[in-house]
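I opened the model today and went through it region by region. My notes follow in the order I looked things up.

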Amino acid sequence: MRADADNQLKERIRALARAHGFDSCHFSRPVVDAKFVARFREWLAGNYQGEMHWMAEDSRVARRMNPASMLEGVGTVLSLAMRYSPPAYSLAVAEAARSRGVIAAYAHGDDYHDVMKKRLKRLARALDETLGRHDQRVYVDTAPVLEHALAESSGLGWQGKHSLSIQRGTGSWFLLGEIFTTAGIEPDAPAPNHCGTCVACMDICPTRAIVAPYIVDARRCISYLTIEHRGVIPRELRPLIGNRVFGCDDCQLVCPWNRHAKRPEPDLLHPRGENVLPPLASLLALDEATFRQRFRKSPVRRTGRAGLVRNACIAAGNSGDLRLLEALAPLLEDDSALVRLHAAWAVGRLGRRAVEGMAEEAGEGNAADRALALLEACGKRETDDKALEEISLSIDYIRRI
Ligand code: SF4
Ligand code: SF4
């Protein structure tokens with residue numbers, strides 16, 4: 001009898017969650033399984049959090065390990081998934097579009113933090129009627145919550161070796177949110193792990209960021225480097241970033257569990273065509289006003305204009321497309337030293353590409369001369385030490401015998 005009542009309650013809540021735009025809703029106790037505690041400790045011990053220093057702060061680590069500390073008297077965590085559209089292109093197509101930038105699929109439309117938080121809050125209000133007297137809090141990504149651990153414990157999906165959650169039948173193209181409630185609801189059974197012997201995500205990772213199953217070194221991960229990392233991107237990683245300008249979907253694109261993933265109808269993030277493989281020239285041309293206008297309500301705002309243009313410079317340098325030299329030229333005089341530095345790197349790469357192609361194409365000699373002239377001119381004006389060093393390295397790189 002009790003089990004029937006529990007199931008009915010959970011079904012009512014799941015129906016409410018669906019009505020509020022969530023594709024699945026599962027229940028767990030506010031406890032992080034020991035295996036996830038060990039993974040998180042190993043991650044911190046490796047310093048894999050990069051500049052996300054807050055991740056290693058004692059108080060935040062303690063809260064991550066103990067979800068019960070997030071809300072007094074919490075009895076249940078609801079893990080909720082909201083699906084988004086997988087990329088409409090394959091990995092091969094994305095890589096071949098070298099004069100275009102790749103934006104991670106979740107960022108093709110509106111910022112999920114805003115969309116999901118609004119929906120979680122509405123769902124939480126609706127739960128008040130179903131659960132009666134209870135306290136609750138909603139979380140999306142930014143709070144110290146080990147969301148993939150809770151999702152696995154709740155049966156929503158298992159944590160894949162790339163560290164993201166995967167659902168059988170749906171794949172990994174979804175985002176997670178949580179509602180913590182003081183109500184006691186019967187937990188679901190944990191999700192079994194179906195990665196098996198597969199290591200496709202580890203093998204495909206362009207920067208070898210998945211250093212061990214379930215452990216991603218953020219300092220090498222393109223998602224972190226292109227979004228969270230604020231400064232200069234390490235030189236040795238730039239060629240590996242390819243044409244990814246905001247995030248990276250590679251480990252999800254090769255995952256066999258995503259083979260049959262479908263586009264949700266409707267996609268609540270409203271993906272926009274202009275964010276699907278945008279021409280690099282259009283990104284290099286962004287000024288503050290056009291950046292703000294183009295990426296209004298988009299998660300791409302997070303990088304700021306300088307961060308996105310920095311990423312586009314790297315992609316341009318990797319493109320081999322000599323026509324982008326002229327789009328890079330004004331950026332050598334940009335207000336941001338970060339942009340000037342990465343533009344100098346890109347001009348050096350294209351200049352070298354022109355030198356190497358000279359035997360085949362007469363016009364490429366002109367491009368090499370143009371790249372050198374651009375770098376020499378900006379070297380005379382540059383005042384930032386790091387940018388000056390990059391200019392000098394780029395000139396040497398083009399002239400290398
Ligand atoms: S997002 Fe890209 S860089 Fe990061 S782990 Fe996955 S494949 Fe590697
Ligand atoms: S690619 Fe393979 S190992 Fe990686 S998450 Fe998917 S199933 Fe797991």
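I counted a residue as near a molecule if one of its heavy atoms lies within 4 Å of it. This is a predicted model.

**Ligand 2.** I asked which residues surround ligand 2. I found G160, K161, H162 and I166 there. C195, C198, A200 and C201 are also in the shell. C255, P256 and W257 complete the list. I then sorted the shell by residue class and got 8 nonpolar, 2 polar and 1 charged.

**Domains.** I looked up how the protein chain is divided. Domain 1 covers 2-86 + 110-181, and domain 2 covers 279-401. I noted 41 Å between the C-alpha centres of domain 1 and domain 2.

**Cores.** I went to the largest nonpolar core next and found 103 residues in it. I13, L78, L80, Y106, I179 and L328 have the most contacts inside this core. Where does this core lie? Domain 1 and domain 2 both give residues to it, so it lies between them. Another core, of 9 residues, lies apart from the largest one. M70, L71, V74 and Y139 are among its members.

**Second largest pocket.** I read off a volume of about 210 Å³ for this pocket. The lining includes D110, D111, D114, K118, R119 and R122. K297 and R301 line the pocket too, as do V115, L268 and H270.

Conventions:
Residues are numbered from 1 along each chain as its sequence is written. Chains are lettered from A and ligands numbered from 1 in the order in which they are written. This is a predicted model: local features need pLDDT of at least 70, side-chain atom pairs count only at pLDDT 80 or more; totals for chains, interfaces and linings use all residues. Side-chain values use heavy atoms; hydrogens and water are left out. Ala, Val, Leu, Ile, Met, Phe, Trp, Tyr, Cys and Pro count as nonpolar, Asp, Glu, Lys and Arg as charged, and the others, Gly among them, as polar. A nonpolar core is a set of buried Ala, Val, Leu, Ile, Met, Phe, Trp, Tyr and Cys residues joined through side-chain atoms within 4.5 Å. Buried means under 20% relative accessible area, exposed over 50%, partly exposed in between (1.4 Å probe, protein chains only). Domain bounds come from an automatic or database domain assignment. On a 1 Å grid over the protein atoms alone, a cavity is a set of points where a 1.4 Å probe fits but cannot get out, and a pocket is an open set with protein on both sides within 12 Å along at least five of seven lines; lining residues have an atom within 4 Å of a point. Grid points are joined across faces, edges and corners, and a volume is the space filled by probe spheres set on the points.
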